[in-house]
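Please look at the sequence and the structure shown here before reading on.

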Amino acid sequence: MPRLASVHVMAELDELATRFRDFGRSSAARAPLYGRLAPCIADEPEILELLGVAPAEQQLPVLLFAAVHHLVLRGDEPDLERFYPNLVGEPDSGDPFPTFRECCRRHSNALRALIATRSTQTNEVGRCSQFLPALGMLADEVGTLAHLDVGTSAGLNLLLPRYEYRFSPGGSVGGPSPVVLDCATRGGVPVPATLPDVGASIGIDIAPIDVREDEEVRWLEACVWPDQADRFARLVAAVELARQQPPDVRRGDAIGALPELVGEASAHGHPVVTNSWVLNYLTPSQRTAYVATLDDLGNQRDLSWIIAESPAQTPELPIPAASPGEDITVLSLVTWRGGHRVVRRLATTHPHGFWVHWEHRGTTRQR
């Protein structure tokens, strides 16, 4: 038995090493710091073993990196901090791995505790830039909206009316605001002249983050890759804005909670459900149930659903794919009017909302 156990452990470590090498190659351009560290970690079983306390589906490089980033943000690793572009003006250009390795050895227990209890979580406010044109279209049609954000995390996307948008081309909308979202456009994006009127904003998440809790916010910040200093800065600004008037975020399962929340929201405006890079974390059966729930609700009342997901990773959704296995962010709009469902593919977008490429006519399916 000990021999079999050893073989099993070695196989798991080999798999983790492969994940880090693959991550290093794929992330080098977008995240140079992690791109440099990842292949070095692949050769360090002592560091790889830290991920063993996480559930199998969470044993990913980004979880380890987020746990270490969390310690750096907390001030526990000033020596390592000098390599993080989001925290210092001129990051150290030397080799970060020896300092990173010592950090993992020194704080192995704290890292295991984080890895065992946390999962990677992103609340990317830049995605509001891709939601805004679709919300503007709906506001022109139905008037006041009631926003329901599924997988809302800290609820920062619920603050959409409180941000300032700069579309290029397309002009500015909203503001002034401490959170400014820049978005390049192509294909005639229908940028609204004004922000839509939103009568209610409610978020739902299985593990929401309270913006008033420093430790919770620190984890959210830790999940941002340190080379992406602009994303980090606007997340910090959005949290500060949220703390002035915390968003209405509910803990619960989206499928079970949606009927009651849609009913509640309907008293304040036309209900609009949004989700962005959330449904890929559900199982196929859960996604099927999610769509069925929305269909049931749409048969009872007028409803709209804005989707920003990857068709390849969410095949159960009614997202018209342009090609088999399309693995980019596709913005789609599903509407139910008088029980009649229409699906429209609107655009392809950057996953963090830095650009939107509008499809002039898009793909429409009716049912």
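The model discussed here is predicted.

## Overall form

Twelve helices and twelve strands make up the secondary structure of the chain. Its radius of gyration is 22 Å, close to the 21 Å given by the globule rule for 367 residues, so the chain is as compact as a globular protein of that length. The C-alpha trace spans about 65 × 50 × 35 Å along its principal axes.

Of the 367 residues in the chain, 52% are buried. Among contacts with a separation of 6 or more, 70% are between residues 24 or more positions apart. As for charge, the chain carries 33 positive and 46 negative side chains; the centres of these two sets lie 3 Å apart.

## Helix 4

Helix 4 covers residues 61-73. At 1.5 Å a residue, its 13 residues should span 18 Å, and the C-alpha atoms at its ends are 18 Å apart, which agrees with that expectation.

This helix is mostly covered, with twelve of its 13 residues buried. Among the buried residues are Pro61, Phe65, His69, His70 and Leu73. Just after helix 4, Gly75 adopts a positive phi of about 90 degrees.

## Two buried loop residues

Leu158 belongs to the loop between strand 1 (145-150) and strand 2 (164-168). Is this residue buried or exposed? Leu158 counts as buried because its relative accessibility is 4%, and the cut-off for burial is under 20%. In sequence, Leu158 and His147 are eleven residues apart, while their C-alpha atoms are 7.3 Å apart in space. Leaving aside neighbours within four places in sequence, Leu158 is in contact with residues including His147, Asp149, Ser201, Pro247 and Val249.

Thr314 is located in the loop between strand 8 (303-309) and strand 9 (329-337). With a relative accessible area of 1%, Thr314 is likewise buried. Which residues does Thr314 contact, leaving aside its neighbours within four places in sequence? Its contacts are Leu279, Asn280, Arg287, Glu309 and Ile319.

How values were computed
Residues are numbered from 1 along each chain as its sequence is written. This is a predicted model: local features need pLDDT of at least 70, side-chain atom pairs count only at pLDDT 80 or more; totals for chains, interfaces and linings use all residues. Side-chain values use heavy atoms; hydrogens and water are left out. Helices (H or I, at least four residues) and strands (E, at least two) are DSSP runs, numbered from the N terminus. The expected span of a helix is 1.5 Å times one less than its number of residues. Buried means under 20% relative accessible area, exposed over 50%, partly exposed in between (1.4 Å probe, protein chains only). The radius of gyration is taken over C-alpha atoms; the globule rule is 2.2 Å times the number of residues to the power 0.38. Contact means heavy atoms within 4.5 Å. Lys and Arg count as positive and Asp and Glu as negative; His and the chain ends are not counted. The place of a charge is taken as NZ of Lys, CZ of Arg, CG of Asp or CD of Glu.
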